[in-house]
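This report describes one structure, section by section. Please look at the sequence and the model before reading on.

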Amino acid sequence: MAIIAPSVLSGDFAHLADEARRMESAQADWLHLDVMDGHFVANLTFGAPVIAALRPYTGLFFDVHLMISQPERYLDDFIQAGADMLTMHIEAAKQETLSETLQKIHAAGKLAALSVKPGTAIESVYPWLDQLNMVLIMTVEPGFGGQAFMTDMLWKISSLRKEINRRGRDVIIQVDGGISVKTIAAAAGAGADCFVAGSAVFGAQDPAAAILSLRENAAI
């Protein structure tokens with residue numbers, strides 16, 4: 001079954017605890033938390049203290065997407081804040097020590113993921129694929145919500161799925177950007193199984209119905 005991870009980037013930042021509980025009541029699987037530093041991407045959101053403050057208010061799986069420079073420097077903060085999965089960008093992580101960084105995440109009892117921007121070759125994550133629980137393929141340019149789904153990223157999803165299957169690995173493929181009932185079927189058909197949805201869920205009058213519709217369309 002498709003994993004639906006609403007992104008709080010599209011939520012009401014003045015009432016994040018209420019928004020998290022609203023997504024839990026709507027039967028979301030994960031809560032996607034976009035951390036942006038204004039350097040790696042041209043936007044600022046929040047850091048580990050906000051995630052730590054939010055953690056007591058929901059039992060949802062915290063899917064923390066680190067859109068920040070030098071993510072390895074801040075891992076301890078996000079681990080302690082209550083992240084369940086930490087996703088680093090291959091473009092930002094220190095590749096010389098990336099294997100050790102992934103081991104550190106696993107040693108803390110957390111899941112580890114890498115992400116690629118639209119212009120980055122999917123093959124860039126292959127050297128670490130056996131250490132990953134998930135790969136996030138950005139289907140928009142990271143940094144801002146509300147962008148249109150880039151259909152030319154579908155080949156990247158299918159290429160990654162073939163490589164995962166070839167290795168016999170159980171690695172989740174997540175897509176983030178422009179996911180809606182109109183785009184989720186194509187992404188799922190290409191091999192994605194986890195979907196970050198922002199305005200499609202938070203902007204819906206009935207988030208539970210929106211999440212159900214996304215799941216149904218992913219199964220088509």
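## Strands S5 and S6

Strands S5 and S6 pair in the parallel sense, and four bridges connect them. One of the residue pairs here is Ser115 with its bridge partner Leu136 in S6. This is a predicted model.

Is strand S5 largely enclosed or open? Of the six residues of S5 (residues 111–116), five are buried, so the strand is largely enclosed by the rest of the structure.

Thr87 stands opposite Ala113 in S5. Together with helix H4 (residues 98–107), S4 and S5 make a β-α-β unit, and this unit is right-handed.

Strand S6 (residues 134–138) is joined to strand S7 (residues 172–176) by five bridges, and these two strands run parallel. Ile137 has Val175 in S7 as its bridge partner.

## The whole sheet

These strands belong to an open sheet of eight strands with parallel pairing, in the order S1-S8-S7-S6-S5-S4-S3-S2. At the edges stand strand S1 (3–6) and strand S2 (30–36); each has a single partner strand, so one side of each is left without a neighbour in the sheet. From one strand to the next, the twist averages 25 degrees.

## Helix H1

Which residues of helix H1 (residues 16–25) are buried? They are Leu16, Ala17, Glu19, Ala20 and Met23. These residues lie on the same side of H1, because they cover an arc of only 160 degrees around the axis.

The buried residues of H1 pack against the strands S1 and S2. They also pack against three helices: H2 (48–54), H7 (199–202) and H8 (207–218). After H1 comes Gln27, which has a positive phi, near 70 degrees.

## Glu24

Glu24 lies in helix H1.

With Gly59, the side chain of Glu24 reaches the backbone nitrogen at 3.4 Å. Ile79 is 55 residues from Glu24 along the chain, and the C-alpha atoms of these two residues are separated by 21 Å.

Note on methods
Residues numbered from 1 in each chain as written. Predicted model: local features only at pLDDT ≥ 70, side-chain atom pairs only at ≥ 80, totals over all residues. Heavy atoms only, no water. Pairing = 2+ DSSP bridges. Axes fitted to C-alpha atoms, helices over the stretch in contact; angles between N-to-C directions. Buried < 20%, exposed > 50% of the residue type's maximum accessible area, 1.4 Å probe, protein only. Right-handed = clockwise from strand over helix to strand, strands pointing away. Arc of directions from axis to C-beta. Contact = heavy atoms within 4.5 Å. Polar contact = N/O pair within 3.5 Å; in protein donor to acceptor, adjacent residues only side chain to side chain.
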